[in-house]
Amino acid sequence: ERRGGGEADGKPRFRLHCACVPVAPGWSRLILCNATRSGQSGSILPQWAIHLLSNRFLDSDMAFLHYQERKLRNKPNSADGWSNAYYMPGEADRSIGAWRQWLAKEKARCVDPEVALPPSPLSREELLNRWDQHTAYCKHCREALSNMEVVQKGCAALFLAALVGAQTELAPNALCLPVELLGAVGMAGIQTLKQEFRFKDYEHYKT
């Protein structure tokens, strides 16, 4: 939770609630709830845009967590001996330690450490595959992607119409050239945005 104010001063607070639910060895489903107040969204952005930003945030740690999980399984480390495998002196790590201790005490481990993990993906495209992990199952993102394809075709039609108009002198160049540029930029921009729904590598050394 990041506090932007309090109830006394009337300023809304930004709250991001995360629930990470293990669904299979090596796989978890993340449920995010972003709200300033109960039942109210904290953003004016459309859902698909929020999902793209969320995926970028998640991808920043995806590769790291994926390989750390496998490193923890390798001897001499083990999932059972996590407290010795990691050095966690930070105050923010206390809740993680308490949660793991509770799991061990209640025997509520979600995934048995004896169960083998699936093999690691052969490429980052497979590891950070947004289509299979999110877009294919999200109605907001599928609808946005479909709308973008329609707009992209419109930009292509606009570009071709302006090009024909300029070549045949049916319209003045002063009008056709800006329209051609607008159509070309629109097609390229939408293509770049469409790729975000499928795969976007996160290069940590650039951030």
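**First stop: the salt bridges**

Select Glu 196 and Arg 130, whose side chains meet in a salt bridge with an N to O distance of 3.0 Å; the term denotes a side-chain nitrogen of Lys or Arg within 4 Å of a carboxyl oxygen of Asp or Glu. This pair links distant parts of the chain, for Glu 196 is in the segment after H7 and Arg 130 is in helix H5, 66 residues apart. Helices here are DSSP runs of H or I with at least four residues, strands are runs of E with at least two, and both are numbered from the N terminus. The model is predicted: local features need pLDDT of at least 70 and side-chain atom pairs count only at pLDDT 80 or more, whereas totals for chains, interfaces and linings use all residues. Residues are numbered from 1 along each chain as its sequence is written, and side-chain values use heavy atoms, with hydrogens and water left out.

Asp 59 forms a salt bridge with Arg 130, and the closest N and O atoms are 2.9 Å apart. Because Asp 59 lies in helix H1 and Arg 130 in helix H5 (residues 130-133), the pair ties together parts that are 71 residues apart in sequence.

Are these side chains buried or exposed? Glu 196 is buried, with a relative accessible area of 19%; buried means under 20% relative accessible area, exposed means over 50%, and partly exposed lies in between (1.4 Å probe, protein chains only). Salt bridges that share partners join Asp 59, Arg 130 and Glu 196 into one network. Asp 59 is also buried, at 5% relative accessibility, and Arg 130 is buried at 3%.

Arg 124 counts as partly exposed at 33% relative accessibility, and Asp 201 is partly exposed at 25%. A search of the whole structure finds three salt bridges.

**Second stop: Ala 49 and the cysteines**

Select Ala 49, which is placed in helix H1 (residues 47-73). Ala 49 is buried, with a relative accessible area of 14%. Cys 141 counts as buried, at 0% relative accessibility.

How many disulfides does a search of the whole structure find? The search finds zero, a disulfide being a pair of cysteine sulfur atoms within 2.5 Å. Cys 141 is accordingly in no disulfide, and the nearest cysteine sulfur, that of Cys 138, is 3.7 Å away. Another cysteine to select is Cys 176, which is buried with a relative accessible area of 3%.

Display the surface and select Val 21, Val 23, Trp 27 and Ile 31. These residues form a nonpolar patch on the surface, with about 380 Å² of accessible area together. Strand S1 (15-24) and strand S2 (27-37) are the elements that give two or more residues to the nonpolar patch. Patches are made of residues with over 30% relative accessible area and no salt bridge, with like charges joined within 9 Å and nonpolar side chains (Val, Leu, Ile, Met, Phe, Trp, Tyr) within 5 Å. Val 23 lies in strand S1 and counts as partly exposed at 45% relative accessibility.

Select residues 94-106, the 13 residues of helix H3. At 1.5 Å a residue, helix H3 should span 18 Å, and its end C-alpha atoms are 18 Å apart, which agrees; the expected span is 1.5 Å times one less than the number of residues. Just after H3, Lys 107 takes a positive phi of about 55 degrees.

**Final stop: the whole chain**

Of its 207 residues, 25% count as buried. Residues 24 or more positions apart account for 56% of the contacts (heavy atoms within 4.5 Å) with a separation of 6 or more.

Notes: Areas by Shrake-Rupley, 256 points an atom, 1.4 Å probe, with all protein chains shown as cover. Contact = heavy atoms within 4.5 Å.
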